[in-house]
Amino acid sequence: MKKDIHPDYHNITVRLTNGEEYAMKSTYGSEGDTLQLDIDPTVHPAWTGGGTHLMDTGGRVSKFKKKYADFKF
């Protein structure tokens, strides 16, 4: 392997949005730094299964449902 081509891999602290902290190894910053996350698995809808909202702009969904109400599958 080539020497001196890999980034420094050291211990940092990762702080989640709710204040929890975890010790991890990373190439971020320098030894002992803290990485403050703005979005993490405890709050982001992609991980929490957050509600998806159906926006009925101009009654389009209602119009569609009314149009196909009698349609038999």
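Predicted model: local features only at pLDDT ≥ 70, side-chain atom pairs only at ≥ 80, totals over all residues.
**Entry 1**

Residues are numbered from 1 along each chain as its sequence is written, and side-chain values use heavy atoms, with hydrogens and water left out.

I counted the bridges next. Six of them join β1 to β2, and these strands run antiparallel. Two strands pair if DSSP finds at least two bridges between them. I also noted a hairpin: β1 and β2 have five residues between them. G19 sits in the turn, with a positive phi of about 100 degrees.

**Entry 2: the whole chain**

I listed two helices and three strands. Helices (H or I, at least four residues) and strands (E, at least two) are DSSP runs, numbered from the N terminus. Along the sequence I read the pattern β-β-β-α-α.

**Entry 3: the sheet**

In what order do the three strands stand? I find an open sheet with the order β2-β1-β3 and mixed pairing. β2 (21–26) and β3 (34–36) are at the edges with a single partner strand each, so one side of each has no neighbour in the sheet. On average, neighbouring strands are turned by 35 degrees against each other, direction ignored. For such angles, axes are lines fitted to C-alpha atoms (for helices over the stretch in contact), and angles run from 0 to 180 degrees between N-to-C directions.

I then checked β1 (residues 10–15) against β3. Three bridges join them, and they run parallel. R15 stands opposite Q36 in β3.

**Entry 4: R15 and its salt bridge**

I stayed with R15. Its side chain meets that of E21 in a salt bridge, at 2.7 Å from N to O. The term needs a side-chain nitrogen of Lys or Arg within 4 Å of a carboxyl oxygen of Asp or Glu. A search of the whole structure gave me one salt bridge.

The cut-offs are under 20% for buried, over 50% for exposed, and partly exposed in between (1.4 Å probe, protein chains only).

**Entry 5: L16 and burial**

I moved on to L16, in the loop between β1 and β2. L16 is buried, with 11% relative accessible area. D40 is 24 residues away from L16 in sequence, yet their C-alpha atoms are 6.4 Å apart. Over the chain of 73 residues, I noted 8% as buried.

**Entry 6: the aromatic pair and the patch**

How many aromatic pairs does a search of the whole structure find? I got one. The ring centres of F64 and Y68 are 4.9 Å apart and the planes stand at 50 degrees, so I call the pair tilted. Rings of Phe, Tyr and Trp (its six-membered ring) pair with centres within 6.5 Å; planes under 30 degrees apart are stacked, over 60 edge-to-face, the rest tilted.

F64 counts as exposed at 53% relative accessibility. Y68 counts as partly exposed at 39%. With F71, these residues make a nonpolar surface patch of about 350 Å². I placed F71 in the segment after α2 (60–67). Patch residues have over 30% relative accessible area and no salt bridge; like charges are joined within 9 Å, nonpolar side chains (Val, Leu, Ile, Met, Phe, Trp, Tyr) within 5 Å. Accessible areas come from the Shrake-Rupley method with a 1.4 Å probe; for residues, only the protein chains shown count as cover.
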